[in-house]
Amino acid sequence: GLDYLKGSKLNMTTGTIKVVDENGNPDFKGGLERFQGRGNDSWLCEKKGFSIDLIEDADLLNLGSDKDYALIAGYRDSSLLSYMVIKDLINEMDLEYAPDYKFVNFYVNGEYQGLYVLAEKINVGYNRINIDCTYRDVSGGYLYELDDLDYNWELNYFHTDHGNTYVINDPLIVKNRQMEYSEKLWQEFEHAIYSPDGYNEQGRYYTEYMDLDS
């Protein structure tokens with residue numbers, strides 16, 4: 001039940017999920033591989049967010065087929081309009097990817113829990129962040145997260161000389177040489193970013209490490 005799940009973000013359960021559209025028509029019904037709390041600072045709020053991990057891929061409300069979704073509470077924004085504003089802004093900027101979302105009424109065991117945002121979970125996948133993992137053995141296909149506050153929840157993280165902490169969210173299992181590669185890559189990038197002229201000790205300009213448009 002919810003009381004158990006709200007007791008700790010690490011608590012999880014299984015079950016079934018049913019999704020209907022705004023007209024009450026069935027959209028999806030299936031099994032939950034895992035259902036648990038989500039969020040770092042937002043987890044401290046009264047209204048909790050949750051992670052939805054389905055047993056198999058499904059295209060919930062036309063968000064793009066995947067197994068993982070986020071159920072965002074948005075407790076600090078009663079209107080929930082900030083999600084719409086940011087998504088519209090990203091679309092106008094023609095960025096390659098931004099997580100899509102739908103507003104949903106959320107029920108657990110027949111009891112109404114409020115208005116939530118059902119969103120694509122930020123992960124690697126064809127309908128999510130579609131990055132090339134061909135050379136992931138060392139040099140490519142990583143999903144990093146800048147997380148200076150709640151990294152201690154995570155399995156794989158490292159600190160830089162400038163006091164930033166990065167989490168490797170994908171792959172989940174990180175080898176020593178992959179961690180060493182990631183630390184070196186971000187350290188060189190930050191040295192270039194923080195330098196007065198944009199160059200690091202290796203003589204590389206910061207745009208050599210990043211997609212400037214994005």
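The structure is a predicted model, in which local features need pLDDT of at least 70 and side-chain atom pairs count only at pLDDT 80 or more, whereas totals for chains, interfaces and linings use all residues. Residues are numbered from 1 along each chain as its sequence is written, and side-chain values use heavy atoms, with hydrogens and water left out.

**Overall build**

The protein has three helices and nine strands, which are DSSP runs numbered from the N terminus (helices: H or I, at least four residues; strands: E, at least two). Along the sequence these elements follow the pattern α-β-β-β-β-α-β-β-β-β-β-α, and the C-alpha atoms fill a box of roughly 60 × 35 × 35 Å, taken along the principal axes. Of the 214 residues, 40% count as buried, where buried means under 20% relative accessible area, exposed means over 50%, and partly exposed lies in between (1.4 Å probe, protein chains only).

| Residue | Loop between | Relative accessible area |
|---|---|---|
| Lys 9 | helix H1 (2-7) and strand E1 (12-20) | 11% |
| Asn 40 | strand E2 (26-38) and strand E3 (49-58) | 24% |

Lys 9 counts as buried because its relative accessible area is 11%, while Asn 40 counts as partly exposed because its value is 24%. The side chains of Lys 9 and Asn 40 make a polar contact at 3.0 Å; such a contact is a pair of N or O atoms within 3.5 Å, and within protein one must be able to donate a hydrogen and the other to accept it, with residues adjacent in sequence counting only if both atoms are side-chain atoms.

Leaving aside neighbours within four places in sequence, Asn 40 is in contact (heavy atoms within 4.5 Å) with Lys 9, Glu 145, Asp 147, Asp 150 and Trp 153. Asn 40 and Asp 147 are 107 residues apart in sequence, yet 9.7 Å apart in space, C-alpha to C-alpha.

**The second largest pocket**

The second largest pocket has a volume of about 1,200 Å³. Of the 25 residues that line this pocket, the closest to its centre are Ile 129, Ile 131, Tyr 142, Asp 211 and Ser 214. A pocket here is an open set of points on a 1 Å grid over the protein atoms alone, where a 1.4 Å probe fits, with protein on both sides within 12 Å along at least five of seven lines, and lining residues have an atom within 4 Å of a point. Helix H3 gives the most to the lining, with four residues.

How values were computed. Grid points are joined across faces, edges and corners, and a volume is the space filled by probe spheres set on the points.
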